[in-house]
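Subject: Structure handover

Hello,

Here is the structure for your files. My notes on it follow below.

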Amino acid sequence: MKHLLGIEGLTRADIESVLRRAEAHLHGAPDASHVLRGKVVANLFFEDSTRTRTSFEMAAHALGAEVLNWTTAGSSVSKGETLLDTVRNIEATGPVALVIRHRSSGAPHLAARHVRCAVINAGDGTHEHPSQALLDAFTLQRRWGEVEGRTVLIIGDILHSRVARSNLHCLKALGARVVLCAPPTLLPAGIEALGAEVTWRLDDVLPQADAVMCLRVQSERQGESFFPSAREFSRLFGLNAARAERLKPGALVLHPGPMNRGVEIAPAVADGPHSVILDQVAHGVAIRRAILEEVCQ
Amino acid sequence: MSPGSTLLRRGRVIDPRNGVDGVRDVLVRDGQVVRVSEAPLDVPDAHGVEAEGKWVLPGFIDLHVHLREPGEEGKETILTGCRSAVAGGFTAVVAMPNTKPVNDSVLVTEYVKAKAREADLCRVYVAGAITKGLQGEEMAEMGALVAAGCVCITDDGRPVMNAGLMRRALQYATQFDLPVMVHEEDLTLSGKGVMHEGRTSTRLGLIGIPPSAEVAMVARDLVLLEETRGRLHVAHVSCEGSVRLLREAKRRGLRVTAEATPHHFTLEDEAVGDYDTHARMNPPLRTRRDVEAVREALADGTIDAIATDHAPHGVLEKQVEFDKAWNGVVGLETALGLTLGAVREGALSLSRAVALLTDGPARAFGLPGGHLAPGAPADITVVEPDVEWTVDATRFFSRSRNTPFHGRRLTGRVTQTWVGGRLVFENGQMKESR
Ligand SMILES: [Zn+2]
């Protein structure tokens, strides 16, 4: 893997290789602190995300790398510097990898066409968030042993979700069935062509799910009339306690965070017996170490 | 410089308006076509030009180009735009009014005309704005623009969202018998969209523009046209729904004409690939089905003209995030090759393709030229039909290189362009008078 721009295009073997490395890191067996010793990993966050940035930072440190953190706050971007100017300037400092988070879909692809070092997509617009999908798959695989043949239900704002797209590609590659559930206004055109099943009848599909992933509802979408109100969204698509009772006994509940408790997920469900949300957080660093190793080797 | 007499010998003349397709001699004098003869002519004082094995066509007319001057001369000037035009076989272009300042006044119209006269290459017709500053609020002084020589009015690049204002513009224009050219886009439907809404936009996580953004406005304007009895010209038709409405409107005898661009009848939305901003245009590239529908409409006369929507942009406008990139592609120098591509694929007959570049646009706007009967202007494009070449954007005469066709193999190339009986382009070289 030269870059990690998205899950789309990765083979099952590519994905399994990252998951295997992450497993090794999770056990802490090999001392990895020499892997990137003396190297620099640059975090370029054009959009705030303390969680993802910190997770990549911890992963880079664990591999012995120095971390250069660059954010738009107070940067030259506000003075009209283009993405490519910034990327080229940072590249000139000699990093082995650029970890890029950006509001525009495809921004990491543009960067990758103009730099020699590795580019890791840490979330681009509404396109992909590959490290999140890998850690979600990792979480499921560790619980189940095998993702193949399982049904994963993803609920919420699919239209604007990079997490949903990356998870769809990743879970399909691993042999799972993926069902997307959202109001019709939040289901993007032609998503079936990417291998998803779609529905807006949550109560019909809920009992089939081996895992349910609730996506964050972005409150700013309400003003755009994709749905009438958070209350109505919650009533139709929220994973509340009553719905949670209709889950399969061993079904898992995931959320990529940050959660709107009481909107897309009820607090009791987020903290309840089905939830693997804390596992997801714990797996983030291991997955990102594995990713850095894959692209920097 | 006096054009004198020229005799183009033994070329295959294809002149759809006059029903000519065969080997002819074409005699040109004082800037006009004098004779088109099946038998070889012997005119001792004429300068002879051998055209055997070549096509001798009426000069191409492009109803839709952005010359960027005044205001964005770094992207294109009237001079470089005219060079690009004649290199592509175009002997006349219509310059859109979205310059800086906007052409909503006699001053800008006259400036463009003066610069075109100075460039002295092809004919440059000028389009005025429908509304002041293209703001969609108040009508520009249409009578003054017509008096200054504008051949149509358009807010191209933007729709006139206010239906009442659009209705009055169509009504008002009837006194000048002026075509009103429309960029059909309901902005409440296209929203922040940056490409066609479909599986590719979904895969890339880009906001889509549904076809309804165009079709709904075509429908609205056809309704207004029927009431006002004006003349409507629909720019860059991109989708099946628009074609269906236009076909029906024409059948009912409404005075509507339409154009399609080579990129819309050649490429699909998948050309965006992995965020290739050269495939970003408005209207966006659509689906295979839409491409087929546009091709059928070109073939059956529903669409009257091929227009390039030549829209030069610099590297800074294109080498950015896809959602921040500007819309548009340059088109003058690839139009013929792409059109002949559609002919080779069986979508169009050769004579229909030539009509779409010549007779169709001339009639749509009532422009001279577009055919080669005696008395017509000696605007002639000579084509070497079988030569294969590779598009190399770095060698464009246009000042800009924004094309999704860089590296594409095309067949058929312009070898000579004559404007008013004067050779202005030959074998890759400009023949400028200065
Ligand atoms: Zn235009």
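Glu23(A) is partly exposed, at 24% relative accessibility (buried means under 20% relative accessible area, exposed over 50%, partly exposed in between, with a 1.4 Å probe and protein chains only). Arg142(A) is also partly exposed, at 38%. The two side chains meet in a salt bridge, 3.0 Å from N to O (a side-chain nitrogen of Lys or Arg within 4 Å of a carboxyl oxygen of Asp or Glu). Glu23(A) sits in helix 1 (residues 12-26) of chain A and Arg142(A) in helix 5 (residues 130-144), so the bridge ties together parts 119 residues apart in sequence. Helices here are DSSP runs of H or I with at least four residues, numbered from the N terminus.

Some ground rules. This is a predicted model, where local features need pLDDT of at least 70 and side-chain atom pairs count only at pLDDT 80 or more, while totals for chains, interfaces and linings use all residues. Residues are numbered from 1 along each chain as its sequence is written, chains are lettered from A and ligands numbered from 1 in the order in which they are written, and side-chain values use heavy atoms, leaving out hydrogens and water.

The structure holds 44 salt bridges over all chains. In chain B, Glu227(B) and Arg167(B) form one at 2.9 Å, N to O. This pair links distant parts of the chain: Glu227(B) is in helix 7 (residues 212-228) and Arg167(B) in helix 4 (residues 163-173), 60 residues apart. Arg167(B) is partly exposed, at 31%.

Glu345(B) and Arg295(B) form another, at 3.0 Å, N to O. Glu345(B) lies in the loop between helix 11 (335-344) and helix 12 (350-357) of chain B, and Arg295(B) in helix 9 (residues 288-300), 50 residues away. Glu345(B) is exposed, at 57%, whereas Arg295(B) is buried, at 7%. Back in chain A, a salt-bridge network links Arg12(A), Glu16(A), Glu146(A) and Glu148(A).

The interface

Chains A and B bury about 1600 Å² between them, 54% of it on carbon and sulfur atoms (accessible area, 1.4 Å probe, that two parts lose on being put together, summed over both). In chain A, Ser104(A), Ser105(A) and Ala189(A) lose the most area to chain B, together 25% of what that side buries. The contact takes 24 residues from chain A and 15 from chain B (heavy atoms within 4.5 Å). One salt bridge is found across it. Arg203(B) and Glu8(A) meet in a salt bridge at 3.0 Å, N to O. Helix 3 (83-91) and helix 4 (107-112) of chain A each supply at least two residues of the side that touches chain B.

Aromatic pairs

There are 6 aromatic pairs over all chains (rings of Phe, Tyr and Trp, its six-membered ring, with centres within 6.5 Å; planes under 30 degrees apart are stacked, over 60 edge-to-face, the rest tilted). Phe233(A) and Phe237(A) have ring centres 5.5 Å apart and planes at 35 degrees, so the pair is tilted. Phe233(A) is buried, at 3%. Phe237(A) is buried too, at 6%.

In chain B, Tyr172(B) and Phe176(B) pair edge-to-face, 5.8 Å centre to centre and 65 degrees between the planes. Tyr172(B) is partly exposed, at 39%. Phe176(B) is partly exposed, at 27%.

Best wishes
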